[in-house]
Amino acid sequence: MASLCGRVSTLSMDSARKQAKRLPLSQGALLVAKAAHQGQLRKGTNLPYIIHPYSVYGNLRVYTDDQVILAAAALHDVLEDVDPLLYGEQDMREDFGDDVTNTVLLVTKDPTITTWRESNIAYIKTLQTAGDERALLVCASDKLDNLATSLHDYARLGESFWNRFAAGKTDQIWWYTSVFNMLHSFLPNHPIVVLYGQKVASLNRL
């Protein structure tokens, strides 16, 4: 993974896509994700955004070698956060196929819903309706990494940490707890859901 990170820093998206075609599915997805998120930062930090997709991939790599799950983990934020003129849904279908793209779509928020809580409720309902295990695992890994990062930063910054978000502490607790309840209803014993639940419990104790 580190070698891919270093290699793609000098690649255009076209070059990344060409190289990705010669790699296993998930490794190619890491390469394209790095090119897609180039220049983006994690909210409230100076850290490259790609750290997050790579962590979501890494969390799941411990538990599965399913290339669709791992590729979707690497690409999970691309359709939501990247200009579709740079890399859109049809590009993803061409490069990684329908299974990966459809999994990513299930964990992509509806851009037409602009209210924070309504958007998050719709996200949860989409996953509940689909009941797709691959998408549920990508969701669990995504939220696990986001929450673990938040808890780490909260320990460093204290209550001022919540100023990073438009939705404050109470809303964040609602969000992460609601996602956990949905995940637990489908995959109560999966280790990544159990680990996420432990982080949610820590959040609720703040």
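Which residues form a nonpolar patch on the surface? Val62, Tyr63 and Leu195 do, with about 270 Å² of accessible area together. Patch members have over 30% relative accessible area and no salt bridge, and nonpolar side chains (Val, Leu, Ile, Met, Phe, Trp, Tyr) are joined within 5 Å, like charges within 9 Å. Accessible areas come from the Shrake-Rupley method with a 1.4 Å probe, and for residues only the protein chains shown count as cover.

This is a predicted model, in which local features need pLDDT of at least 70 and side-chain atom pairs count only at pLDDT 80 or more, while totals for chains, interfaces and linings use all residues. Residues are numbered from 1 along each chain as its sequence is written, and side-chain values use heavy atoms, without hydrogens and water.

Val62 sits in the loop between helix H4 (51-61) and helix H5 (67-75). Helices are DSSP runs (H or I, at least four residues; strands are E, at least two), numbered from the N terminus. Val62 counts as exposed, at 64% relative accessibility; exposed means over 50%, buried under 20%, and partly exposed in between (1.4 Å probe, protein chains only).

The structure holds 13 salt bridges, each a side-chain nitrogen of Lys or Arg within 4 Å of a carboxyl oxygen of Asp or Glu. Arg17, Lys21, Asp91, Glu94 and Asp95 are linked in a network of them.

| Salt bridge | N to O distance |
|---|---|
| Arg17 and Glu94 | 3.7 Å |
| Asp95 and Arg17 | 2.7 Å |
| Asp95 and Lys21 | 3.1 Å |

Both Asp95 and Arg17 are buried, whereas Lys21 is exposed at 52% relative accessibility and Glu94 at 55%.
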